Amino acid sequence: MDFEVSEKMRTVIELMDEFVEKELIPLEPEFLRRPFREMLSVLGEKRRMVKQMELWAPQHPQKYGGMGLNLMEFALVSESLGRTPLGHYVFGAQAPDAGNIEILHLYGTEKQKKEYLKPLVAGEIRSCFSMTEVEMPGSNPVMLETTAVKDGDDYVINGQKWYTSSADGAAFAIVMAVTNPEAPPYLRASMLIVPADTPGFNRVRNIPVMGHEGSDWSSHAEILYQSCRVPQKNLLGPEGHGFVIAQERLGPGRIHHCMRWIGICNRAYALMCSRALNRVIEPGKKLSDMQVIQSWIAECGADIQAARLMVLHAAWKMHTLGTKEAREEISLIKFFSAEVLQKVVDRALQVHGGLGMTDDTILAFFFRHERAARIYDGVDEVHKLSFARRVLREYQGKRVK
Ligand SMILES: Cc1cc2nc3c(=O)[nH]c(=O)nc-3n(C[C@H](O)[C@H](O)[C@H](O)COP(=O)(O)OP(=O)(O)OC[C@H]3O[C@@H](n4cnc5c(N)ncnc54)[C@H](O)[C@@H]3O)c2cc1C
């Protein structure tokens, strides 16, 4: 077993760590005070610097202007960039564009690649992914009500979606809609590219999430598709293969998110240790002298290390054997890392006392925004369920002594 990181990747990570430290973390107080849209100009400047350093779009194909890193390499990048909420965006590695880029690369026609993939990788436009519906359970995505019905050369889309992240300001959405209602459940839906200026693409609102509506990339929208007409050539991949493609999209995406969460854990952990060492709580005694705090530091250290190794192992398995072979590992890392994330951020916040509840550190932001980690990318309960069912199948009919 080789845990060695290549020299190339050590250099890349060092450069990214330094950029995050010097250029992005100092922007966080402004990020916490102002709407994201008002940050676009300064973030655009940082993006130009990243491009000059040739660190842009780390996981995307070189052919389209990315660095072409593989999944294992990108896992390390995601950890480094995850330490700040601005990291992935400034390096052109942000969700939901990252997933959309992947499926456009795998399934897009040449024309779709030219029109949507190229400017997306270049960071000239943004996109969103519109699957979850207000009235239907996202945890059981085959229950979709949104339809796309053929009419002449077009599809006509009708439905109500929400949690379409980053729709505000996006150039197009990839929409999941039922095209083949008579087919078996997993072959009923298709993915369609819908430009945001299409009549009938109605962004109703940015949903307030944990008290914040957000704006631009940093937001989640409700969208009403009302007789929204797109040409049939906007179909992405084969008709009825929406769920097959969604699986492709979610596999590497989980590595992306889980390693981003590990990055957040590392940042929260560093803040926790530093605060504990500096906070005097009685004459001659600091918080770090207290056993309960030392115990939290040890437990969180072990949790982060365990989650990190699990995610890297899942990335390795996915990289070497494919997404299907790594299904169990993907389920495990999803819920385990999300729980570790929540525990570490919570403990770090607690060590900061009243300060932790303010926006004078990044911890309260992480606490608010990353609660969602247990809900998106497959709710934790469904991952536990599917993992347990697979394990139990292996023991079916066996008497273990
Ligand atoms: C911040 C954020 C960003 C998101 N971004 C996007 C996006 O860009 N595009 C998009 O399409 N969607 C997005 N989503 C939506 C997300 O995918 C769904 O919220 C998720 O799939 C859960 O669906 P639901 O909200 O309908 O919950 P439901 O399906 O109603 O489930 C509710 C709860 O029931 C429990 N539960 C569900 N199934 C089971 C089960 N089988 N066994 C036991 N318990 C169960 C779980 O605790 C779950 O949290 C986002 C969500 C959030 C919070």
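Domain bounds here come from an automatic or database domain assignment. The structure is a predicted model, and its chain is divided into domain 1 (7-121), domain 2 (127-236) and domain 3 (244-394).

**Domain 1 and domain 3**

Between the C-alpha centres of domain 1 and domain 3 the separation is 21 Å. Contact between these two domains involves 21 residues of domain 1 and 24 residues of domain 3. On the domain 1 side, helix 2 (28-33), helix 4 (71-81) and helix 6 (97-107) are the elements that give two or more residues. Helix 4 provides the largest share of that side, with 7 residues. Sorted by class, the side of domain 1 that touches domain 3 holds 11 nonpolar, 6 polar and 4 charged residues.

**The ligand shell**

The ligand has 19 residues around it, of which Met131, Pro137, Gly138, Ser139 and Ser165 come nearest. Domain 2 (127-236) and domain 3 (244-394) each contribute at least three residues to this shell. Among secondary structure elements, strand 1 (127-130), strand 3 (154-165) and helix 13 (380-395) each supply at least two of the shell residues. By class, the shell comprises 11 nonpolar residues, 7 polar residues and 1 charged residue.

The class composition of the two residue sets is tabulated below.

| Side of domain 1 that touches domain 3 | 11 nonpolar residues | 6 polar residues | 4 charged residues |

Methods:
Residues are numbered from 1 along each chain as its sequence is written. This is a predicted model: local features need pLDDT of at least 70, side-chain atom pairs count only at pLDDT 80 or more; totals for chains, interfaces and linings use all residues. A residue is near a molecule or strand if its C-beta atom, placed from the backbone, lies within 6 Å of it. Helices (H or I, at least four residues) and strands (E, at least two) are DSSP runs, numbered from the N terminus. Ala, Val, Leu, Ile, Met, Phe, Trp, Tyr, Cys and Pro count as nonpolar, Asp, Glu, Lys and Arg as charged, and the others, Gly among them, as polar. Two residues are in contact if their C-beta atoms, placed from the backbone, lie within 7 Å.
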